[in-house]
Amino acid sequence: MSVPEPASPTPPAPPVSLAALLARRDLGLRLLAGPEDVPLHWVHTSEMADPYPYLLGGELLMTAGVQLAEPARYVERVVEAGAAALAFGVTPVYDTVPAELVEACARHGLPLVEVPPRTPFTAVARAVWRLMAEARLHELRRVTEAQQSLAAAAARPAPVPAVLGALASRLAGRAVLFGADGTESAAAGRAVPAEASRALRDLAGVLGPRPGGPASASGDGGGLRLAAYALGGGDGLTLGVATERRGPGDHTIAGVAVVLLSLLTAPHRGADATVRDGALVRLLLGAAPAEAADALGPGPWTVVHAAGGDGTPFAAASLAAALGTALVDAGAGGGGGRARTDAGTEIAPGTGTGTGTGTGTGTGGVTPAPVRLLLPSSAPALTPQEGWTLGASAPVDAAGLAAGDAQAARALRRAEATRAALVRHRTGGFAALVDRDEAAAFARELLAPLGEPLTETLRAWLSLHGSWDRTAVATGLHRNTVRQRIARCAALLDRDLDDPDVRMELWFALHSGPNAGQRG
């Protein structure tokens with residue numbers, strides 16, 4: 001029971017019940033054997049005689065029985081592979097589902113669904129994906145609402161009991177804060193059997209303050225699902241949760257509570273830290289960054305955007321610890337700019353609204369949004385981190401956090417485009433403010449009418465401030481040839497080359513084109 005949570009072979013998207021699929025009357029599906037309350041994680045179609053090597057487990061396997069030579073053996077292999085259910089399409093190979101196949105599925109408890117001739121397999125697969133999308137949206141909303149509830153609880157006069165109460169309510173179970181010696185420090189939620197209470201305490205004892213130990217563990221006891229999480233304060237506190245069932249977003253919701261409780265129970269907190277935490281909570285509840293700038297301190301601060309990890313608050317927490325900061329935004333997506341503490345609870349300044357830990361986490365099956373971090377001047381020098389791509393702003397004061405956030409976002413885009421582990425904001429004037437790919441596309445379009453000889457002559461002429469004689473010497477051309485080429489450039493580009501704005505635009509384009517790095 002007391003083991004760290006294993007990596008799941010199933011995807012992070014919430015599964016859908018076979019019963020929900022059978023309820024779709026437009027599909028005309030019929031259950032011939034087995035239970036209907038099994039979860040479906042994905043759909044796979046195969047006409048192999050032995051589909052075992054191609055199954056991952058948890059899928060609805062669909063077949064028309066093209067190579068169904070031994071139905072009993074076929075079902076055995078499907079069950080061994082861990083498939084959730086079998087869907088059999090009648091016609092064109094079989095007019096009815098073979099009786100031997102029905103008997104084998106009933107014997108092994110494998111749900112068998114008949115797919116009528118009028119329903120293509122693609123329609124069944126599409127229905128499953130739509131049900132999953134609906135479940136995913138529901139789960140994202142649930143996680144976001146839970147995060148907001150936990151954040152509000154953290155701002156109450158007695159924050160620790162309030163956070164435990166909010167967590168227990170959102171998970172419909174019991175939440176317990178254990179001390180380093182295993183005693184209950186605080187608890188909230190419904191009562192649980194004594195057996196479950198003992199098992200939860202034992203599970204929390206697996207974590208403890210040991211260096212390199214697991215951050216979380218899960219198990220069962222007293223008919224309940226149990227989970228334990230180590231807090232980040234370094235004092236051996238753990239959070240235990242007991243629920244009747246475990247939803248896809250429960251781990252993320254518990255992660256938000258872990259962050260808040262780590263912040264609220266951290267030992268040796270001075271007055272300055274308390275004031276700062278109050279400012280962070282105000283940011284969490286929607287305050288503008290300027291309102292908390294005084295409490296955060298003058299800085300300078302470095303804003304860092306990071307892409308990578310697995311989208312969970314725990315991955316963000318590990319990155320924050322490695323960079324020497326307690327502030328991290330686990331990436332709300334949609335241009336949000338709030339921030340979070342330790343393991344991803346939304347509490348850092350920014351420029352947008354953010355939607356919470358739900359987006360880009362393990363609950364949605366989508367690509368995790370970038371993590372935002374706020375590094376104080378006391379943090380170690382920023383270095384590349386394994387598994388992450390980093391973009392860093394220039395040092396900014398508290399009033400310049402919004403500008404730093406934009407700088408870090410641009411730096412991260414450059415890092416991803418160049419496959420660099422770390423890119424810092426360039427203070428290279430206006431050119432550094434323009435996206436490199438967009439600038440190159442603009443240059444190609446603007447200079448397209450010119451061939452290489454005209455382009456090189458124009459480059460030299462502009463670099464020498466329009467001097468005919470100096471351009472002739474630099475290019476080895478006759479003075480009249482230079483005049484003719486520049487006039488030709490003006491005609492092809494339909495630009496007035498005596499206009500300083502036009503010259504500036506052309507100079508920028510010449511330094512942004514594909515050969516810019518080879519020129520001066």
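Predicted model: local features only at pLDDT ≥ 70, side-chain atom pairs only at ≥ 80, totals over all residues.

Biologist: What makes a set of residues a nonpolar core?

Modeller: The members are buried Ala, Val, Leu, Ile, Met, Phe, Trp, Tyr and Cys residues joined through side-chain atoms within 4.5 Å. Buried means under 20% relative accessible area, exposed over 50%, and partly exposed in between, with a 1.4 Å probe and protein chains only. The largest such core here has 30 residues, and Leu150, Leu164, Leu167 and Leu239 touch the most other members. Its largest share, eight residues, comes from α5. A second, separate core of 24 residues includes Val16, Leu40, Leu60 and Val113.

Biologist: Why is α5 called roughly antiparallel to α7?

Modeller: Two packed helices are described by the angle between their axes and the distance between the axes. Axes are lines fitted to C-alpha atoms, for helices over the stretch in contact, and angles run from 0 to 180 degrees between N-to-C directions. The axes of α5 and α7 come within 10 Å and cross at roughly 175°. Angles under 35 degrees count as roughly parallel, over 145 as roughly antiparallel, 65 to 115 as roughly perpendicular and the rest as oblique. The crossing angle therefore makes α5 roughly antiparallel to α7.

Biologist: Which residues make the contact?

Modeller: Contact means heavy atoms within 4.5 Å. Among the residues making it are Val163, Leu164 and Leu167 of α5, with Ile253, Ala257 and Leu261 of α7.

Biologist: What makes β3 and β5 edge strands?

Modeller: Helices (H or I, at least four residues) and strands (E, at least two) are DSSP runs, numbered from the N terminus. Two strands pair if DSSP finds at least two bridges between them. The open sheet has the order β3-β8-β7-β6-β5, and β3 (30-33) and β5 (42-45) each pair on one side only.

Biologist: How do you know that β6 and β7 pair?

Modeller: Strands β6 (residues 59-63) and β7 (residues 85-89) share four bridges, in the parallel sense, against a requirement of at least two. Threonine 63 stands opposite phenylalanine 88 in β7. Helix α4 packs on this sheet too, touching β5, β6, β7 and β8.

Terms used: Residues numbered from 1 in each chain as written. Heavy atoms only, no water.
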